[in-house]
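Dear colleague,

Please find the structure below, together with a short account of what was found in it.

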Amino acid sequence: MPPGAGTPSGSGAPSGSGSTSQQPPSETPDPPTPTPTPTPTKPAVDCKKSKCFALTFDDGPSPDTTPQLLKILKKHKAKATFFQLGTLAKEYPELVKEIHDMGSEVANHSWDHDSLDRKSVDGAYEDMKKANEAIEAGCGCKVTLMRPPYGATDKGVDKATKKLGLAQILWDIDTLDWDTHDPYDIRSKVVHSAGKNRIALMHDIHQTTIDAVDEMIEELYEDDFKLVTVSEMLGDTVPGKRYPKSWASYGN
Ligand SMILES: [Zn+2]
């Protein structure tokens, strides 16, 4: 059939032939697309096959900086894991809830950033228990992960976390964002060290860290990384055990 032989018939022909179909450049690049709400418990991606990578943020939540980060994560449909202080979770439960509701993960980072390895097993247990209660009250969820402040863990912390049903999550990439306060440096460290199933450590209480994240995510997406929570990446974790494996004998 020669091209053009058929003519549109009926009244269902596309309308709007007089107007351009191209969208003018807009301030808001993402038109809202209907997406199902994320289900935090079920991983959306298979990290055995996909290039999963976990961004983690410690020491919050902070009303000054954390909401900015959440906006950036939402814009990119990215998830992260937040290791929070019990004191702050108690003060800002609405931030704990917002993080959980957007499909990101909230986790325990002690009550008030004490070195848990300097406490007795019971002391460390009570400290983390109090933090867990504050975080769980905020999110209405069950916390299963913790990160010891300063990465200071030992056999006593292993015991206390096991008793609380918490796995210990350390990291592969330390951005030293609290020291450099340099968005370019923070972004480069993460992007250049990113790898399948690795964990990057940052802090959502520093403006300079927040300033690094937008472009960081864009570059990670260009490298086909999927930004998932630690629980999505690791699957079921064992209470008391340390992840990644490279931390197994640290502090013992
Ligand atoms: Zn910390």
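Two residues are taken to be in contact if their C-beta atoms, placed from the backbone, lie within 7 Å. This is a predicted model, in which local features need pLDDT of at least 70 and side-chain atom pairs count only at pLDDT 80 or more, while totals for chains, interfaces and linings use all residues. Residues are numbered from 1 along each chain as its sequence is written. Helices (H or I, at least four residues) and strands (E, at least two) are DSSP runs, numbered from the N terminus. A residue is buried if 20 or more other C-beta atoms lie within 10 Å of its own, exposed if 12 or fewer, and partly exposed in between, with C-beta atoms placed from the backbone.

In helix α1 (residues 66-75), the residues T66, L69, L70 and L73 are buried. They lie on the same side of α1 because they cover an arc of only 100° around the axis (the arc is that of the directions from the helix axis to the C-beta atoms). The buried residues of α1 pack against β1 (52-58), α3 (93-101) and α8 (207-222). Just after α1, K77 has a positive phi of about 50°.

Strand β7 (residues 198-203) has five of its six residues buried, so the rest of the structure largely encloses it. Two strands pair if DSSP finds at least two bridges between them. β7 pairs with β1 in the parallel sense over six bridges, and I199 in β7 is the bridge partner of A54. Strand β6 (residues 173-174) also pairs with β7 in the parallel sense, over two bridges; here D174 stands opposite L201.

Yours sincerely
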